[in-house]
Amino acid sequence: IVTDDRQKGNVLVLAGPGSGKTRVLVHRIAYLVRVKREKPGSVLALAYNRHAAVEIRRRLQDLIGDDARGVTVLTCDALAMRLAGASFAERSKQTDFEAELKTIRRQALALLTGKGLPPEEADEQQARLLAGFDSILVDEYQDIGPEQYELIAALAGRSQREEDSRLNLFAVGDDDQNIYAFNGASVAFIRRFEADYAAQPAYLTRNYRSTAHIIAVANLVIASASQRMKADYPIAIDRKR
């Protein structure tokens with residue numbers, strides 16, 4: 001998975017619990033920078049929350065040292081704020097931050113899609129906003145909601161007519177889990193990924209965290225769930241463990 005060398009192709013890594021989702025994403029970034037010699041500034045990594053973003057940065061620093069500083073690692077909301085030129089630094093404590101964020105997300109999406117502009121100008125505007133980026137990597141893809149989904153689609157250039165202007169998208173997620181449904185997240189988006197991006201699936205189902213008994217029970221519980229993407233790939237314990 002880490003050393004997949006297709007020049008143009010989107011990848012969906014369907015991973016189980018304790019299988020190293022963040023690890024494979026971080027090592028993929030390290031591979032792009034150190035082996036493929038891509039510029040660190042051409043890589044954008046998106047995490048669900050700030051804690052996850054900090055963890056990705058820390059692991060990257062351990063792997064590739066100062067080169068990690070050039071890689072952009074943000075949450076979707078932080079990226080939207082950067083694109084829209086927004087900041088909460090001067091906001092008062094009475095600010096409705098969630099309402100503000102929704103407005104900022106819409107502004108960022110409008111900028112990326114060139115809303116109200118002719119097609120050629122819309123493409124030029126997106127190229128300016130994403131100048132230098134070649135690869136997008138998304139952690140915990142099963143936890144994204146409708147607004148994050150639209151933002152990622154716009155980033156990847158899904159609406160672009162020219163394939164050469166689209167960015168490579170590498171997403172890692174577990175379709176068996178979604179703990180942020182209360183916040184609008186939906187596992188439906190990871191189920192649509194292959195069709196949306198003509199993606200090649202890869203499977204990461206060897207568990208390094210749990211005992212064999214826990215894994216056996218978990219497989220029994222989840223087996224009855226409908227629409228599983230890993231139905232033919234049960235979670236298995238790492239033999240060395």
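Predicted model: local features only at pLDDT ≥ 70, side-chain atom pairs only at ≥ 80, totals over all residues.

Reply: Among the buried residues are Val-24, Leu-25, Ile-29 and Leu-32, together with Lys-21 and Arg-28.

Me: What covers the buried residues of H1?

Reply: The cover includes strands E1, E2, E4, E5 and E6 as well as helix H2. H1 itself, residues 21-34, reaches 20 Å from its first C-alpha to its last, close to the 20 Å expected at 1.5 Å a residue.

Me: How should I read Ser-42, and is it buried or exposed?

Reply: Burial is judged by relative accessibility, with under 20% counting as buried; Ser-42 has 3%, and therefore counts as buried. Ser-42 is placed in the loop between H1 and E2, and, leaving aside neighbours within four places in sequence, is in contact with Gly-132, Phe-133, Asp-134 and Ser-135. The C-alpha atoms of Ser-42 and Phe-133 are separated by 4.0 Å, although the two residues are 91 apart along the chain.

Me: How many aromatic pairs are there, and how are the rings of Tyr-149 and Phe-189 arranged?

Reply: Rings pair if their centres lie within 6.5 Å, and by this rule the count comes to six aromatic pairs. Tyr-141 and Phe-193 form an edge-to-face pair, at 5.1 Å centre to centre with 90° between the planes. For Tyr-149 and Phe-189, the centres are 4.6 Å apart and the planes lie at 20°, so this pair is stacked.

Notes. Residues numbered from 1 in each chain as written. Heavy atoms only, no water. Helix = DSSP H or I, 4+ residues; strand = E, 2+ residues; numbered from the N terminus. Expected span 1.5 Å × (residues − 1). Buried < 20%, exposed > 50% of the residue type's maximum accessible area, 1.4 Å probe, protein only. Contact = heavy atoms within 4.5 Å. Phe/Tyr/Trp six-rings, centres within 6.5 Å; stacked < 30°, edge-to-face > 60°.
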